[in-house]
Amino acid sequence: MKIAIVTGASSGMGREFVRQIEHLYKELDEIWVIARRRERLEELQSRMLTNVRILQGDLLDDDIYEILEKLLEEKKPNVRMLVNAAGFGKKGEVKELSCREQLEMIDLNCRALTHMTKICIPYMCKGSRIVNLASAAAFCPQPSFSVYASTKSYVLSFSRSLRTELHKDGIYVTAVCPGPVDTEFFETAGKQDNPMKEATMVKPEAVVKQALIDARDGKEVSIYGAAMKATKAATKILPHRLLLDAMDKFW
Ligand SMILES: NC(=O)c1ccc[n+]([C@@H]2O[C@H](COP(=O)([O-])OP(=O)(O)OC[C@H]3O[C@@H](n4cnc5c(N)ncnc54)[C@H](OP(=O)(O)O)[C@@H]3O)[C@@H](O)[C@H]2O)c1
């Protein structure tokens with residue numbers, strides 16, 4: 001049985017990955033979707049041609065990993081693609097945000113993504129893909145988004161080194177690094193009062209389409225749009241101290 005597994009499938013980019021995967025990977029028997037909101041997953045399931053298996057759960061709890069491991073052990077599927085899309089960000093200075101919020105960001109964005117990856121790799125083979133949702137926030141530290149940007153640096157770094165480790169097995173890892181995307185993300189993150197972020201906001205459909213093409217082509221990093229490609233170039237050329245001071249002043 002050939003499957004794809006998508007976390008964060010109940011909204012935004014995770015949901016869009018599920019919707020688009022079946023067009024690019026026509027051989028899939030099932031797509032396994034993970035998130036906390038069952039009704040959202042059921043609504044998605046009802047729209048799909050491919051069989052969707054719902055694994056409702058909280059990736060901050062151990063139970064969901066036990067359920068997934070048991071199911072993998074029982075079905076022994078060939079995992080063609082793992083998309084780690086579950087994640088959240090919370091804007092605010094470290095001294096302002098609660099300890100819980102900041103630690104949960106680290107737990108979901110880094111720990112859960114790593115746990116999911118570790119569980120799924122034994123069921124992957126030549127040609128399988130791992131797609132990790134990092135962010136353009138991975139390119140440079142961001143004051144007032146310190147923990148979030150740091151978690152995404154982890155995702156980018158982890159994805160790049162894992163890609164090198166898995167190269168000999170023919171498994172490709174792609175880190176997706178979007179700028180602002182129009183999803184429910186900002187309901188949690190907090191209002192975007194930054195005009196540059198408003199101006200560069202893109203639709204999840206476009207980011208995911210590009211990410212799936214880049215993953216198919218075995219690219220290390222997927223960046224959608226000229227604005228984010230320019231951002232990446234700027235963070236390579238300009239001293240980070242200069243960028244940090246500018247962000248602190250104007251954001
Ligand atoms: N939107 C942006 O501007 C942007 C930019 C760059 C990168 N990203 C990254 O892209 C990824 C997807 O974000 P999005 O924009 O699509 O946001 P979103 O619409 O808020 O989706 C987040 C998904 O994560 C799931 N999730 C959150 N907490 C969870 C938990 N504890 N356990 C299981 N699932 C959980 C949510 O489902 P439930 O609530 O149903 O559990 C939801 O499906 C994230 O990693 C985000 O950091 C977003």
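This is a predicted model: local features need pLDDT of at least 70, side-chain atom pairs count only at pLDDT 80 or more; totals for chains, interfaces and linings use all residues.
Let's start with the strands. Seven of them form an open sheet, and if you read across it the order is β3-β2-β1-β4-β5-β6-β7, with parallel pairing. Strands of a sheet pair through backbone hydrogen bonds, either parallel or antiparallel. Which strands end up at the edges? They are β3 (51-56) and β7 (221-222); each has a single partner strand, so one side of each is left without a neighbour in the sheet.

Now zoom in on one pair. Strand β1 (residues 2-7) runs parallel to strand β2 (residues 30-35), and five bridges join the two.

Helix α1 covers residues 12-24 and lies across β1, β2, β4 (78-84) and β5 (129-133). Compared with the direction of β1, helix α1 runs at about 160 degrees.

Helix α1 also has a helix partner. Its axis and that of helix α2 (residues 38-47) come within 10 Å and cross at roughly 20 degrees. Angles under 35 degrees count as roughly parallel, and α1 and α2 are therefore roughly parallel to each other. The crossing of α1 past α2 is right-handed. On the α1 side the contact is made by Arg15, Val18 and Arg19, and on the α2 side by Glu43, Leu44 and Arg47. Sorted by class, that contact of α1 with α2 has four charged residues, two nonpolar and no polar ones.

## Helix α3 meets α4

Next up is helix α3 (residues 63-75). The axes of α3 and α4 come within 10 Å and cross at roughly 15 degrees, and these two helices are therefore roughly parallel to each other. Here, too, α3 passes α4 in a right-handed crossing.

Which residues do the meeting? From α3 you get Tyr65, Leu68, Glu69 and Leu72, and they meet Ala112, His115, Met116, Ile119 and Cys120 in α4. This contact of α3 with α4 counts seven nonpolar residues, one polar and one charged.

## Helix α4 meets α5

Helix α4 (residues 99-120) has another partner in helix α5 (residues 146-166): their axes come within 9 Å and cross at roughly 15 degrees. So α4 and α5 are roughly parallel to each other, and α4 passes α5 in a right-handed crossing.

The list of residues goes like this: Gln102, Met105, Ile106, Asn109, Cys110, Leu113, Thr114 and Thr117 in α4 meet Val147, Tyr148, Thr151, Lys152, Tyr154, Val155, Phe158 and Leu162 in α5. How do the residues of the α4 contact with α5 divide by class? There are 10 nonpolar, five polar and one charged.

## A loop residue to look up

You'll spot it in the loop between β6 (172-176) and α6 (185-189). A polar atom of the Thr183 side chain lies 3.0 Å from the backbone nitrogen of Phe185.

What else does Thr183 contact, leaving aside its neighbours within four places in sequence? The answer is Gly12, Met13 and Pro204.

Notes: Residues are numbered from 1 along each chain as its sequence is written. Side-chain values use heavy atoms; hydrogens and water are left out. Axes are lines fitted to C-alpha atoms, for helices over the stretch in contact, and angles run from 0 to 180 degrees between N-to-C directions. Helices (H or I, at least four residues) and strands (E, at least two) are DSSP runs, numbered from the N terminus. Angles under 35 degrees count as roughly parallel, over 145 as roughly antiparallel, 65 to 115 as roughly perpendicular and the rest as oblique. A crossing is left-handed if the near helix is turned anticlockwise from the far one by less than a right angle, and right-handed if clockwise. Contact means heavy atoms within 4.5 Å. Ala, Val, Leu, Ile, Met, Phe, Trp, Tyr, Cys and Pro count as nonpolar, Asp, Glu, Lys and Arg as charged, and the others, Gly among them, as polar. Two strands pair if DSSP finds at least two bridges between them. A polar contact is a pair of N or O atoms within 3.5 Å; within protein, one must be able to donate a hydrogen and the other to accept it, and residues adjacent in sequence count only if both atoms are side-chain atoms.
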